[in-house]
Each structure stands twice: as C-alpha cells, then as structure tokens.
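Subject: Structure handover

Hello,

Here is the structure you will be working with. Please open it and keep it on screen while you read my notes below.

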Amino acid sequence: MNASEPVGKVKPKLRRREQWAKKLDFLMACIGFSVGLGNVWRFPFLCYKNGGGAFLVPYFIAVFLGGIPMFFLEVAIGQFMSEGGIGPWKIAPLFKGIGYASAVIVFLLNCEYIIILTWAFYYLFASFTSTLPWSHCENDWNTPNCTTSNYASIVSSLGLNVSGGSAPSLHLFSNTTWPQQRALQNEASNINASLLRHLVSDPVTEFWERKVLALSPGIDHPGPIKWDLALCLLLAWIVVYVCICKGIKSSGRIMYVTATSPYIFMFILLVRGVTLEGSSNGLDFYLNPKWERLKDAQVWVDAGTQIFFSYSIALGALTALGSYNKFHHNCLRDSLLFALINTFTSLLAGFVIFSILGFMAHRQGVSVEDVAESGPGLAFIAYPEAVSQMPIAPLWSALFFIMLLLLGLDSQFVGVEGFITACVDLYPNILRRGYRKEYFTGAVCVVCFLIGLSMVTEGGMYLFQLFDYYSASRIVMVVAVTESLVVAYVYGINRFSDNLVIMFGFQSKTFIVIFRWALKIFWCFLSPFFTLSVFILGCVRYSEVSYKRKFMTYEYPPWAIGIGWLLALISVVLIPVFMIQGLIITPGTLKERWRILTTPHLKKHQLRPNEDMSKVILCPDEDDKPKNIEEEKHKLNDQLMSTSLIDETNNEINGHL
C-alpha cells in the first residue's frame with residue numbers, strides 16, 4: 001500500500017465464516033430455536049381439543065411424514081452448501097425465491113414473536129411484589145364489576161337459574177352491589193349465561209386487557225403507544241442483540257442455558273402441579289382418548305400445522321444453523337434426536353399445564369373444559385389466575401414467566417440470526433468485514449423494534465393477531481412443498497443422496513442402500529404429498545381471522561383482512577417473481593434459459609466422484625480449503641471410499657429397478 005494513500009480507503013479484512021465450536025452446539029441451537037412457546041401453549045390445548053391421547057396418532061404420523069424429513073432436508077442442505085437462507089438454493093438458481101420467501105417470513109415472525117416476550121417481561125416485573133396485582137380488584141384500573149368471587153358462588157348467592165347452554169367459563173365474576181343483586185334476582189327467571197358474562201368481570205382479565213394492553217375497541221383505533229410495554233420491548237431487543245452480536249460464538253454458549261433451563265422450571269412446576277387438588281382431573285382431560293375425533297379432518301390439519309410450527313420449517317433459520325456445521329457433521333443423528341426431544345417437551349408441557357388447569361377447575365367448581373385455553377389466553381390469563389390462588393403466589397408466577405422468557409428468547413435470537421445469516425451470506429464481501437456484521441445486526445434489531453412499536457399501542461393486540469394468523473402460518477407449507485420438490489426433481493434426488501453419503505462418510509453398504517431409498521420415498525413422494533394435503537385441507541376449512549376475547553369475539557373489518565393476506569402473500573409470491581425475473585434476464589432460448597437456471601453452482605469439495613462438469617458450474621472454493629495436507633489426504637480417502645460404495649449401491653438399485 002502506498003504510504004500516501006488515505007487510510008479510510010483500506011478495506012477491513014474479510015472474516016472467515018464461523019462454525020460451531022462443538023458438535024453439541026448445533027443440536028442445542030436447534031432445540032433452543034424450535035422448542036418454544038408453541039410446545040407450551042399450543043400443543044396441550046390441541047391435544048385436549050382433538051381427542052386427548054387419540055391426537056397423538058395424527059401427531060406422530062405428521063412427525064414421521066413431515067417433521068423429521070423436512071427438518072433434515074433443511075439442515076442438510078444448509079450444511080452441504082455452507083450457506084444460510086438464500087445461498088443454499090444455488091443448487092437450482094431458478095428457485096432462489098425460496099430463500100427470499102423464507103427470509104421474509106422469518107423477518108415478519110421476528111417482529112411479532114418478540115411481543116410475547118415483551119408481555120412476559122411485563123408480567124415478570126409485576127410478579128416482584130408481595131401480592132400479585134391481578135389477584136384482587138383494588139387497583140385503579142379495575143371496574144365496578146370486578147370481583148374475585150367465582151361463577152358458582154355468584155349463581156348460588158343470587159339464586160339465579162342460569163340457562164342458555166353450558167355453564168360459562170370460570171372467569172365470570174361480579175362485584176355487584178346489593179341493589180344490583182336485587183335487580184338480578186328479579187331477572188332470575190330469564191337470565192342466561194351470555195347476559196351474566198356482560199355483568200361480571202375478573203381481576204385477571206382486567207389486568208390483561210385494561211392494564212397491560214389498554215385494549216382499544218378495534219384495529220381501527222390504534223391509540224397511543226403504551227410506553228411501559230415499549231420499554232419492555234426495548235429491553236427484549238437489547239437482550240437479543242447482546243446474545244447474537246458476536247455471532248454463533250456468543251449465542252452458542254448462551255444456548256446451553258436458555259435451551260436447558262426451561263426443563264428445570266417445567267419439572268419444578270410439574271411437581272407443584274400434580275400435588276394440587278384436582279390435578280388428576282386435568283390430566284384425565286388432557287390424555288383421555290376420544291377415538292371418534294380422528295374422523296374429523298380438522299384434527300389432521302391441526303397435527304400437521306403444529307409440527308410445521310414447532311419444528312420451525314421453511315423459515316430459513318434451520319438452513320442457517322446447519323450451515324455452521326463442519327462439512328462431515330452427522331446432522332441426520334441430530335435430526336432424530338431433535339424430534340425425540342421436541343415431542344418429549346410437548347408432552348411434558350401438557351402435563352404441567354393441565355395439572356394446573358385441573359386445580360383451577362376444582363377450585364372454581366367447573367369443568368376442565370371451561371378453563372382450557374390456547375395461546376396468549378393460557379399464558380397471560382388462565383395460568384396467572386391459577387398461580388394467584390396458590391400459596392407464595394409471586395414465586396410461582398415469577399418461575400412461570402422466567403420459563404416463558406427462556407423458552408422464547410432462544411427462539412427469538414436464533415430467528416434473528418437466521419435472517420442475519422441469509423443477508424451476510426448474500427453479501428459476504430460487504431458484511432463480513434470489520435464490525436459491519438455487528439452494525440448490520442444492530443440496524444435490523446432497530447428496524448424490528450420500530451415495527452414492533454405498532455403492536456404495543458392500545459390497538460396493538462389486534463395487529464399482533466393479524467401477524468400471527470397470516471404471516472407465518474399455513475403459508476410455510478407452500479414453501480416447504482416447493483423445497484422438497486426442487487431438491488427431489490430439479491437438483492435430483494440421486495445427486496443429493498450421493499452428496500449426503502459423501503458428506504456423512506457412511507461406510508456400510510447396506511445402510512447406504514436403505515438411506516438412499518428412504519430419501520427417495522420421503523422427499524419425492526410422502527413428505528410433499530402429506531404437506532400439500534394438510535395445506536389443502538386447511539384451505540377447505542379456512543375461516544377469516546378473529547380475536548377471541550374472554551367475553552366476546554372481535555371480527556376484523558375487510559380492509560384489515562386484506563392487510564393480513566398481503567402479509568401472507570408478500571413472502572410466497574417471491575418464488576414465482578424470481579423465477580420470472582431469472583427467465584427474463586438470462587440470455588438464450590427458453591430451453592437454454594431453463595438449463596442454465598437449473599444448473600447447480602457448486603464448490604470443488606461438493607462435487608461427486610466422476611462428476612459430469614458439463615452439468616455443474618464450479619464456484620470459487622477459498623473459504624473451504626483444508627487447513628493442512630493431512631486434512632487434504634483425509635478428504636481424498638473419504639471421497640475414494642465413498643466413490644466405490646456409491647457406484648456399488650447405484651448399480652444394485654438400478655438392477656432392482
């Protein structure tokens with residue numbers, strides 16, 4: 001460099017791409033990302049709602065047909081290409097829109113998911129008191145209709161003859177004065193459950209809707225920002241940034257805490273739950289099989305969507321996590337271990353939640369059916385009410401919300417890391433120099449924080465429900481089907497199975513034959529067929545979004561539903577958009593364009609033995625050079641061994657065909 005050349009013009013050194021320091025880091029990251037709030041507040045409710053123990057039948061079918069194959073596909077392609085998000089689709093450049101679609105989905109999910117952590121922080125801070133604020137009606141946000149009396153007590157004390165269907169939820173309370181009580185007695189002959197719901201309220205719901213959310217009448221009344229929630233949102237993003245700013249070196253270590261600690265809290269809460277009176281009734285409702293429910297198509301839709309949600313498929317983050325593995329890492333083993341741990345977590349969370357719900361039902365004198373909820377209603381209404389009735393209530397409340405935070409935080413910062421990885425791998429020469437990645441990560445967190453502010457306004461809950469319902473729900477199945485079909489039929493299932501055999505270094509001829517056949521059966525037929533079937537059934541039974549509050553259901557206006565559909569389509573539409581763009585800008589006839597855009601771009605170490613180079617575009621391989629001669633010899637020996645095994649198994653399979 002010339003001494004007179006300005007220092008500002010010198011480019012910082014290009015950083016080498018990171019890798020997991022230990023083999024276990026990858027598995028812990030997958031557990032931290034995919035095992036989260038869906039296991040705690042969605043699976044138990046779905047299990048109860050769809051036939052108890054009978055629901056496990058479609059659930060495990062979905063695990064084997066959709067969950068494990070698609071999870072393995074995404075982490076394997078990330079590990080093989082050593083790129084996350086968008087980069088892996090260099091195997092078929094015509095379909096690079098898959099990567100962009102996944103990046104958009106995970107970005108929208110990052111903006112929405114952290115709102116749950118915001119609420120959890122708020123409740124955690126509110127738990128640091130001698131008396132939980134939602135356990136009584138003496139707060140300035142409570143209405144005159146608030147009381148801690150339960151529904152059964154109200155009916156008994158007022159002598160009401162409640163008709164009009166099954167008994168309402170245990171959350172129906174009243175703080176009525178004596179004249180109001182006399183008026184109700186005069187109306188006892190015709191009062192029904194729906195009327196009683198409008199006359200009564202409870203402190204838990206009022207704390208949630210009036211204090212935490214300050215809920216407005218609808219999405220068309222956004223109202224001002226709630227600055228106490230905004231500060232909790234800022235805290236959540238600061239924690240996320242600190243966890244991921246140094247990449248996987250920092251997040252990998254933190255994952256050992258955030259991925260394992262929730263199990264400690266779950267076991268503590270489970271021990272407490274099963275010792276409560278009435279807990280056995282809750283567990284019976286949770287697992288009691290109702291086999292007739294298996295005839296309902298909605299049960300199968302719920303099982304399929306739960307698997308895709310809890311396995312975090314088609315978000316691009318799994319390919320990012322896999323891309324940090326060493327080339328010969330056995331991610332097949334990790335995929336099977338992950339499936340086992342994920343299912344165990346869901347079942348364990350069900351025991352925790354329904355033991356508590358059984359206790360609540362017993363205390364309130366109602367059926368467990370009347371207290372079972374899903375989503376925010378479980379985490380921020382039902383469970384807070386349960387802990388408020390326990391001795392040392394603030395302790396159990398704090399433990400529960402710490403568990404929620406630990407479950408959600410690692411999912412959040414791995415999701416953000418997945419988006420960051422996709423962008424950095426797309427522009428490595430720009431973002432992998434100096435501290436540019438840290439600055440870029442900070443910028444992404446700031447943008448997501450600003451978007452999240454719209455969900456901590458008085459009407460923010462309505463917008464949150466819109467994001468949750470449309471942006472990352474069933475639309476991921478379209479992306480997943482496309483992924484499977486592109487790998488199987490465009491890149492080629494035989495080519496990719498050869499790649500995996502070399503990558504994993506399998507030595508057993510028998511196992512290689514079984515492995516190759518399994519990949520063909522699942523990725524070519526079973527997984528895309530199952531995923532597409534679940535998506536179609538979900539479309540047939542589709543209903544527009546609504547926000548089910550405790551005492552009413554809010555129906556969204558048409559313009560809001562239009563925004564929801566925009567959130568859903570803004571991602572998946574990128575797949576055909578980039579296909580059309582590629583076909584337009586690529587020179588040649590349509591046939592030549594198709595051939596060019598379906599030719600994989602691979603590096604030297606990704607080539608099969610005796611590869612036909614006319615069907616591959618060779619890319620620079622600087623980042624993947626072996627560190628020394630011994631490593632080079634090791635790779636060559638593995639490749640020679642795999643060559644003979646692949647040739648033998650290919651001949652055997654062709655002979656059978």
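Helices α11 and α18 are roughly antiparallel to each other, because their packing angle is about 155 degrees. (Angles under 35 degrees count as roughly parallel, over 145 as roughly antiparallel, 65 to 115 as roughly perpendicular and the rest as oblique.) Helix α11 covers residues 248–258 and helix α18 covers residues 393–426. Their axes lie 10 Å apart. (Axes are lines fitted to C-alpha atoms, for helices over the stretch in contact, and angles run from 0 to 180 degrees between N-to-C directions.) Helices here are DSSP runs of H or I with at least four residues, numbered from the N terminus.

The crossing of α11 and α18 is left-handed. (Left-handed means that the near helix is turned anticlockwise from the far one by less than a right angle; right-handed means clockwise.) From α11, the contact uses Ser251, Ile254, Met255 and Thr258. From α18, it uses Leu406, Asp410, Phe413 and Val414. Contact means heavy atoms within 4.5 Å. By class, there are 5 nonpolar, 2 polar and 1 charged residues. (Ala, Val, Leu, Ile, Met, Phe, Trp, Tyr, Cys and Pro count as nonpolar, Asp, Glu, Lys and Arg as charged, and the others, Gly among them, as polar.)

A word on the source. This is a predicted model, where local features need pLDDT of at least 70 and side-chain atom pairs count only at pLDDT 80 or more, while totals for chains, interfaces and linings use all residues. Residues are numbered from 1 along each chain as its sequence is written, and side-chain values use heavy atoms, with hydrogens and water left out.

Next, look at helix α5, residues 97–127. Its axis comes within 9 Å of the axis of α20 (residues 436–452), and the two cross at roughly 60 degrees. That makes α5 oblique to α20. This crossing is right-handed. Phe107, Cys111 and Ile115 of α5 meet Val447, Cys448, Ile451 and Gly452 of α20. The residues of this contact are 6 nonpolar, 1 polar and no charged.

Helix α5 also packs with α21 (residues 460–470), at about 130 degrees and with axes 10 Å apart. Therefore α5 and α21 are oblique to each other. Their crossing is left-handed. On α5, the contact is made by Leu108, Glu112, Ile115, Ile116 and Trp119. On α21, Met461, Phe464, Phe467 and Asp468 take part. The classes are 7 nonpolar, no polar and 2 charged.

Best wishes
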